[in-house]
Amino acid sequence: MSKFSAQLSQRTNRVPYEPREAARSADPRQHRGTAAHGGFGSGYTFMHAGRQVRLGPVAFWIAVGSVVILAGWSVVTATYFAFSDDVIKGMIARATEQQYAYEDRIAELRAQIDRTTSRQLLDQEQFEQKLNDLVRRQTMLESRATALSGAADPATTGSLRSSASPVEPAAKPAPIGSSLLGPHPLDRGTYLDPERAPPSRRPSKDADIAGKLGRLEASLDRVDRREAATLAQMQQRYEGKARRMRSVLAQLGLKLDANPPAGIGGPFVPVSLPSETQSFERALTRVNVARAYAEKLSATLATVPVREPVAGDIDFSSPYGVRVDPFLRVPAMHTGIDFRGTYGEAIHATAAGTVTSAGWSGGYGQMVEVDHGNGLATRYGHLSQIDVHVGQTIRIGQVVGRLGSTGRSTGPHLHYETRVDGEAVNPEKFLKAGASLYGG
């Protein structure tokens, strides 16, 4: 390129450029030829070694522009290669920095996701653990309720009046599902159904589940407290009943513990109280011990004639002791108590025992005698009808006959006697003891 420029410069010095006006004034023909073949307005002519190279304006400026562009490109290329390492290093450093920033952000987001997931898993495990604990606790309370129903005081068979109010059955806890889904009393401003609550008061899912579990736990706590209170009441009831029965036996002067009923026995296994941590089992054992004593005394009193032989209000017509004989009009010993009543009225056994006499017996008329064991016996005289036979085992309150006026009698009534070791004693003492025990 530099060689061509030198030749062009030399050729130009040999053929200098002449202005159009000078050429036109010197030779008109030459002017016409220049205008046609290479003036300033029509192109450029270059001569070298006897050769002419003619370029138009467009081609000339294209060539000049190309030379300028190539020169600029050469400069840029040289500059790029001179500083390419620093540029590449800077670009790599920026790319690496951006990569590290993205990786740090991704790691942070991943850690946040892991924390959220682990927190959700932990909350779920806590809810499941709490729910399992509540299920186990409910099962335990249900078994306790069954144990309480088994420890209830049964009604005395054959009694004319209820000896005590029946034990109220322990409340059975509701199942887990109904406790969670069923209606609950709500405080003011709370909503059980989250969809019906305003957005500002709408609880989250975790809060709603926690609230339901909390209400269920509170319900189980109430059942637990009721069961504990029921145990305490049962123990007090059995112990009070045992005290009253021991008081009755002491009032009658009877000691019947030395003669256990027939048909029972077994190996001796002492009772041991559970540990202090097992509060319910410990309290239940105490209740069972108190119940065992009460049942033993009840079985003992079942053979003591402390109940009334007739139902309803008692109408005494003649007491026990010395009186004027209604037939002879002289003082005589009345060995029993006379109950006035309606002819044919049912007469009940005042204690369990065995019939030793059932038939006509002199001044008693139609009479039934029952042996209750331990030297105790009762007689029922002036009956119009006898409903038992000799040797028959009877229960408390069983009908032994019908009220009448047979034998030495002035009208329908029952002659009732109580005997201890064959000697007549005042039946009123036994009846009063029974009234204080059973509220009759």
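How many residues does helix H7 have, and how far does it reach from its first C-alpha to its last? The legends below begin with that helix and then visit other parts of this predicted model.

**Close-up 1. Helix H7 covers residues 279-301.** The helix has 23 residues and reaches 33 Å from its first C-alpha to its last. That span is close to the 33 Å expected at 1.5 Å a residue. Look along H7 for its buried residues, among them Phe280, Leu284, Val287, Ala290, Ala294, Leu297 and Leu301.

**Close-up 2. The largest nonpolar core has 24 residues.** Leu252, Leu254, Leu301, Val304 and Phe430 touch the most other members of this core. Helix H6 (205-252), H7 and helix H8 (427-438) each supply at least two of the core residues. H6 gives the largest share, with eight residues. Take Leu252 as a place to start: leaving aside neighbours within four places in sequence, Leu252 is in contact with Val304, Val306, Lys429, Phe430 and Ala433. A second, separate core of 17 residues includes Phe339, Val355, Val388 and Leu403.

**Close-up 3. Strands E4 and E5 form a hairpin.** Strand E4 (residues 321-324) pairs with strand E5 (residues 331-334) in the antiparallel sense, over four bridges. Val324 stands opposite Pro331 in E5. Six residues lie between the two strands, and Arg329 is in this turn. Arg329 has a positive phi of about 60° although it is not a glycine. As background, most residues other than glycine have a negative phi. Is Arg329 buried or exposed? Its relative accessibility is 65%, so Arg329 counts as exposed, the cut-off being over 50%.

**Close-up 4. Asp421 sits in the loop between strand E13 (413-420) and strand E14 (423-425).** Here is another residue with a positive phi that is not a glycine: the value for Asp421 is about 55°. Asp421 counts as exposed because its relative accessibility is 62%, and exposed means over 50%.

**Close-up 5. Val425 is in strand E14.** Which residues does Val425 touch, not counting those up to four places away in sequence? They are Tyr320, Thr335, Thr418, Val420 and Phe430. Val425 and Tyr320 are 105 residues apart along the chain, and their C-alpha atoms are separated by 8.4 Å. Phe430, also on the list of contacts, is one of the residues that touch the most other members of the largest nonpolar core.

**Close-up 6. Strand E9 pairs with E8 and with E10.** Strand E8 (residues 353-360) and strand E9 (residues 366-373) run antiparallel, with six bridges between them. In this pairing, Gly359 has Met367 in E9 as its bridge partner. The hairpin of E8 and E9 has five residues between the strands, and Gly362 takes a positive phi near 55° there. E9 is also joined by six bridges to strand E10 (residues 376-386), again in an antiparallel arrangement. Val368 has Tyr380 in E10 as its bridge partner. In the hairpin of E9 and E10, two residues lie between the strands, and Asn374 takes a positive phi near 55°.

**Close-up 7. Phe316, Phe339, Tyr380 and Tyr416 are linked into a cluster by ring pairs.** The structure holds four aromatic pairs. In one of them, Phe316 and Phe339 are tilted, with 5.3 Å from centre to centre and 35° between the planes. The pair links distant parts of the chain: Phe316 is in strand E3 (residues 316-318) and Phe339 is in strand E6 (residues 337-340), 23 residues apart. Phe316 is partly exposed, with a relative accessible area of 41%, whereas Phe339 is buried at 1%.

**Close-up 8. Thr406 is found in the loop between strand E12 (399-403) and E13.** With a relative accessible area of 18%, Thr406 is buried.

Terms used. Residues numbered from 1 in each chain as written. Predicted model: local features only at pLDDT ≥ 70, side-chain atom pairs only at ≥ 80, totals over all residues. Heavy atoms only, no water. Expected span 1.5 Å × (residues − 1). Buried < 20%, exposed > 50% of the residue type's maximum accessible area, 1.4 Å probe, protein only. Pairing = 2+ DSSP bridges. Core = buried A, V, L, I, M, F, W, Y, C linked by side-chain atoms within 4.5 Å. Contact = heavy atoms within 4.5 Å. Phe/Tyr/Trp six-rings, centres within 6.5 Å; stacked < 30°, edge-to-face > 60°.
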